[in-house]
Amino acid sequence: MTLALTSSLLADLLGGARPAEWEALRLGAEGRLAGRDLPTTADEDWKYTDLKALASLSFGQAPRATVDISGHLLPEMVGTRQVFVNGHHAPHASCASAVQAGVRFFPMSTASEACHALGSVPDGGEPGLFEDLNTARFEDGAVILVPRNMRVALPLHLLFISKAEDPIAIFPRVLIVLERGSELELVEEHHGEGTYLTCPVVEVRVGEGALLRHERVQRDSDEAFHFGTLKAEVAKGGQYHSRTLSFGARISRQQPWVRLAEGADASLDGLALLDGHQVADTHSFLLHAEPHATSHQLHKCIVDGQARAIFNGQIRVAPHAQGTDARQQSRNLLLSESARMDTKPQLEIYADDVKCSHGATVGQLDPEELFYLQSRGLNADDARNLLTYGFAGDVLNHIPVASLRRSLRQLVMARTQADSLGELS
Amino acid sequence: MLSIKNLTASINGTPVLKGIDLEMKAGEIHAIMGPNGSGKSTLGKVLVGHPAYAVTGGEVLFEGKNLFDLEPDARARAGIFMGFQHPIEVPGVSNASFLRLAYNKKAEAEGRDELDPLEFDDFIHEKIKLVAMKEEFLDRSLNEGFSGGEKKRNEILQMAVLEPKLAILDELDSGLDIDALRVLGDAVNRLQRPDRALLVITHFPRILETIQPQYVHVLSGGRILKSAGKELAIELEERGYDWVLEEAAAGGLR
């Protein structure tokens with residue numbers, strides 16, 4: 001078929017053959033894309049994130065590749081991992097032998113269309129452009145199904161690794177369904193080398209009273225472009241706790257969208273650590289659709305060099321969602337003169353009996369804190385580095401998987417020059 | 001050990017210390033007392049190099065060396081410690097990591113062996129007994145969410161870890177109940193040695209029942225108005241500060 005696309009990038013990305021399954025979904029996405037172009041900074045939603053660098057490149061199809069994953073293994077999850085390389089399932093790198101009986105954790109390419117409801121997490125508006133690109137062209141990804149009342153003891157590990165000789169485009173797809181009363185911990189990681197575009201889409205359904213803890217780590221290459229979509233629907237009394245940690249990519253954007261039913265609870269935390277010319281954008285949407293749901297959002301950015309970070313946190317409280325308790329904080333640290341942060345809370349409250357709070361700070365390290373550390377014998381550089389580390393460590397300290405927590409602490413220590421301070425906890 | 005001569009200092013251009021003279025020898029305990037806003041805390045903060053204050057005149061020698069040649073961290077490594085009235089909270093850095101770092105920086109400066117995490121664990125467990133701190137406070141972020149009393153306990157723990165030559169304690173009793181005050185006062189007494197000096201800054205004389213000074217100075221309006229032995233603290237307890245101020249105004253300033 002021919003698509004009337006004005007952008008050569010979009011035309012290229014959709015140029016390949018349409019994968020066989022999920023045809024209705026793909027046609028819908030293609031139809032919406034036909035009238036669209038890459039957003040520009042004239043679009044309010046993309047005001048601070050300039051995609052010119054992306055538009056100037058052309059991305060080919062992602063070939064199968066082999067990678068050494070030994071550096072990415074986490075001891076708690078050696079037998080509960082599915083690995084995808086360049087978007088393709090890597091059976092030899094994966095190992096699901098320790099996955100609890102009853103839990104289904106398998107590549108999407110082996111799933112039958114009928115067994116689940118892909119693309120069914122509803123949205124208030126049009127799907128985003130990068131979400132539609134994924135829907136039109138994804139080939140593989142993971143499906144996780146946890147049956148009713150099952151508490152999954154071991155965390156599951158999803159590893160997406162990209163290895164690009166020439167620029168390639170990758171569309172990982174993930175569907176997570178937790179049935180009523182079940183509990184799961186999931187670690188989703190993105191690593192890579194070379195120039196590539198990755199547009200993961202993660203759909204989450206948390207059933208009544210179910211609990212999902214979702215750690216998301218973005219360590220893409222410095223030449224990569226990462227546009228991630230997360231859609232989570234949390235049923236009555238369910239809990240969804242996610243933490244998104246962004247370290248890599250030339251330009252990254254995370255768009256989490258979470259809908260809370262009655263009495264549901266969500267936390268949507270984020271940390272971005274940026275340097276050089278990196279851009280990291282988070283546009284989140286939390287919908288308190290029903291009464292008595294609670295949400296917490298702590299988003300932190302540490303911006304150095306000429307990097308820039310963007311946070312746009314939208315919270316909508318529907319008219320009958322009385323008793324809502326929503327708290328949002330955006331805390332940002334600028335480490336250089338030319339680093340930049342744009343943060344915007346966006347609260348839309350249509351109910352009257354609600355507790356909503358938000359706060360945003362952008363600044364340098366607190367001179368009182370620096371002095372306190374110096375007064376105990378740390379020199380000015382060490383004090384600065386320790387405080388910078390602490391600013392990030394505050395988010396990392398709550399990661400439940402110990403080995404992941406340790407490795408991310410080390411990464412942050414190295415990036416904040418706190419590694420000269422020896423072992424910290 | 002400490003020699004302060006005609007020290008003047010200001011904050012945002014406003015003079016707060018207007019000519020302080022004070023001599024302290026090793027082994028001595030001095031108390032600085034005075035009404036609120038008298039400049040007591042300022043004196044302590046100027047000695048440890050708080051950046052908000054500008055030294056405008058005078059000199060301070062610590063063990064014969066010009067104190068103002070040293071950055072705040074160098075003063076700390078040289079053996080000066082201040083327990084603050086309002087200790088700062090530092091999220092994300094565990095108390096234990098911070099204490100070990102501070103200990104090792106000082107050990108390094110003195111050419112002693114640094115302690116690895118396991119060695120430090122043994123070391124710190126002895127020290128927390130001294131201030132009756134619960135172990136969980138070691139794993140928590142530095143002062144984060146600590147009550148006023150717990151923060152003070154942590155200040156004295158830091159003093160016990162760093163073993164300073166000159167310790168300045170600013171309003172140690174604020175935020176403390178009577179039992180905690182006794183515990184921390186006893187801890188400070190046990191840390192006192194003939195080669196150390198202690199400067200206790202306090203508004204209320206109560207703490208001086210536990211930590212007994214040899215010398216008491218009344219500071220007001222940025223000047224020391226009266227200096228005497230510990231009996232002065234008892235008199236201040238009974239009569240308040242007004243009589244000292246009136247005596248000074250009447251020309252009784254010595």
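**Domains and contacts in the predicted model**

Chain A is divided into domain 1, residues 63–364, and domain 2, residues 365–425. The model is predicted. Between domain 1 and domain 2 of chain A, the C-alpha centres are 25 Å apart. Domain 1 of chain A brings 20 residues to the contact, and domain 2 of chain A brings 14 residues. On the side of domain 1 that touches domain 2, five elements of chain A give two or more residues: β9 (183–193), β12 (211–219), β14 (239–246), β16 (265–274) and β18 (294–303). This side of domain 1 has 12 nonpolar residues, one polar residue and seven charged residues.

Ala169(A) lies in strand β7 of chain A, which covers residues 168–170. Ala169(A) counts as buried because 25 other C-beta atoms lie within 10 Å, where 20 or more are required. Beyond its neighbours within four places in sequence, Ala169(A) is in contact with Leu13(A), Phe59(A), Ala62(A), Tyr196(A) and Leu197(A). Ser8(A) is 161 residues away from Ala169(A) along the chain, and their C-alpha atoms are separated by 14 Å.

Chain A also touches chain B. The contact takes 25 residues from chain A and 23 residues from chain B. On the chain B side, α2 (72–78), β7 (90–94), α3 (95–109) and α6 (148–162) each supply at least two residues. Of the elements of chain B, α3(B) gives the most to this side, with six residues. By class, the side of chain B that touches chain A holds 14 nonpolar, five polar and four charged residues.

Methods
Residues numbered from 1 in each chain as written. Chains lettered and ligands numbered in written order. Predicted model: local features only at pLDDT ≥ 70, side-chain atom pairs only at ≥ 80, totals over all residues. Domains from an automatic or database assignment. Contact = placed C-beta atoms within 7 Å. Helix = DSSP H or I, 4+ residues; strand = E, 2+ residues; numbered from the N terminus. Nonpolar A, V, L, I, M, F, W, Y, C, P; charged D, E, K, R; others polar. Buried ≥ 20, exposed ≤ 12 C-beta atoms within 10 Å, placed from the backbone.
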